[in-house]
Amino acid sequence: MLENKLKSAFDAVQAEEELKANTKDFLHRQLYGGRRKTRAVPKRLAACFVTVFLCVSGYFAYFTPVAAVSIDINPSLELAVNRFDRVIDVTGYNADGQALAEELSLRHMNYEDAVNAVTENEMVAACLAAGETLEITVAGTSEERTAKMEHCLSQCAYVTEEQVHCAGHWDEVEHAHEAGLSLGKYRAYLAALEEEPDLTLEEAQDMTMRELRERTECDSTAEQEEHGNGQNQQKGHGNGMGHGKHHQEQ
Amino acid sequence: MREEQEVNRAIDRYADMVRRLCMVYLKNKEDTEDIFQNVFLKYALSSVDFQSAEHEKAWIIRVTINACRDLLRSFFRSRTLSIEEVPGLPAPEHEERTVLEAVLTLPEKYRSVIYLHYYEGYPAAEIGKILGKNPNTVYTLLDRGRKLLKEKLGGEDVGK
């Protein structure tokens with residue numbers, strides 16, 4: 001009977017195992033969170049990791065200071081500057097410095113604009129008018145950067161070349177902070193300490209830059225007078241910083 | 001939506017039947033794969049509460065035939081192969097191949113009723129329900145199909 005032949009003929013047709021497996025795989029992927037999802041997740045995870053990495057590295061690049069600009073007159077404050085020449089932190093090292101830091105919104109400004117904003121401030125102008133000494137000190141992790149910053153700052157409107165110093169070493173910034181002083185004042189304190197070993201950090205904190213420099217100058221002058229003029233005996237500061245008195249020219 | 005295990009069980013149980021229906025209607029592997037995915041995707045998403053295994057089987061047959069017809073009407077269906085190229089057919093030296101080739105060369109309207117009646121064992125009334133045809137029409141199709149098949153196979157009769 002052909003009916004039986006039809007049955008055996010159709011019996012010979014069977015779904016291939018590959019066809020069944022492909023169908024199951026397709027449905028697994030479409031409906032049950034299968035391979036497609038597991039493939040997609042690592043891609044999404046990788047994209048997330050890259051984004052997070054970029055954000056974190058960008059954050060650290062932006063918020064890592066590579067230079068410090070210390071501005072000292074009576075207000076004493078210090079700007080932390082990042083690799084993009086932006087101010088990322090402002091620290092006041094005495095009451096006036098803290099008041100100035102709070103008054104001026106210097107964060108995220110270009111450091112030159114920030115220094116201009118400080119030197120144009122009424123409190124600073126009043127100090128200069130009263131004959132106080134303004135010093136701007138730069139230190140950084142790279143000599144090239146600090147040299148460039150020193151040059152740029154000396155071009156600022158209310159700043160003369162003599163008022164800008166380059167400390168050169170980042171270590172010195174850390175030492176200053178450990179002493180509770182701004183970089184510029186710390187250097188002035190070290191210079192004064194050569195002449196007046198009893199001078200304490202607390203005393204230095206309360207002194208203006210002019211007062212600190214005058215200590216150095218007075219002692220230096222007195223010593224020179226003691227040894228007599230014309231004997232070619234000059235007092236070395238010993239710390240290699242080469243400080244001088246830098247009065248703002250009125 | 002049905003559980004994955006239930007869907008996999010349906011694939012294992014009905015894959016051969018869906019494969020044969022695909023052969024009756026279609027002639028290439030790509031279209032067959034499309035139908036498999038389509039049918040079992042509908043099964044997985046269907047909320048039909050099957051009363052029995054027969055109910056479930058009839059549902060699968062109806063969905064498969066509809067999917068095949070839709071694909072045949074589709075502009076995007078893959079190219080049609082000649083009988084010699086149809087995958088899954090037994091080797092030429094086997095008698096089964098001769099019988100299958102005879103069925104596949106019948107006009108489409110006879111192929112499905114021949115398969116459902118002579119292989120799956122459905123009576124004309126059931127085939128009418130599955131295909132949405134009048135039972136008398138199914139009887140007519142079966143009768144004409146049987147005669148055509150007899151001619152193609154050299155006068156051998158197909159039992160009723």
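Over all chains, the structure holds eleven aromatic pairs (Phe, Tyr and Trp rings, the last by its six-membered ring, with centres within 6.5 Å; planes under 30 degrees apart are stacked, over 60 edge-to-face, the rest tilted). In one of them, the ring centres of A:Phe10 and B:Tyr115 are 4.9 Å apart with planes at 70°, so this pair is edge-to-face. It runs between chains, joining helix H1 (residues 2-11) of chain A to helix H5 (residues 108-119) of chain B; helices are DSSP runs of H or I with at least four residues, numbered from the N terminus. A:Phe10 is buried at 2% relative accessible area, and B:Tyr115 is buried at 0% (buried is under 20%, exposed over 50%, partly exposed in between, with a 1.4 Å probe and protein chains only).

Please keep in mind that this is a predicted model: local features need pLDDT of at least 70, side-chain atom pairs count only at pLDDT 80 or more, and totals for chains, interfaces and linings use all residues. Residues are numbered from 1 along each chain as its sequence is written, chains are lettered from A and ligands numbered from 1 in written order, and side-chain values use heavy atoms, without hydrogens and water.

Now turn to chain A. Ring pairs link A:Tyr59, A:Phe60, A:Tyr62, A:Phe63 and A:Phe84 into a cluster. A:Phe63 belongs to helix H3 (residues 35-63) and is partly exposed, at 36% relative accessible area. Of the 250 residues in chain A, 42% are buried.

Finally, in chain B, the charged end of B:Arg2 sits over the ring of B:Tyr43, 4.7 Å from its centre (NZ of Lys or CZ of Arg within 6 Å of the ring centre and within 35 degrees of the ring normal).

Technical notes. Helices (H or I, at least four residues) and strands (E, at least two) are DSSP runs, numbered from the N terminus.
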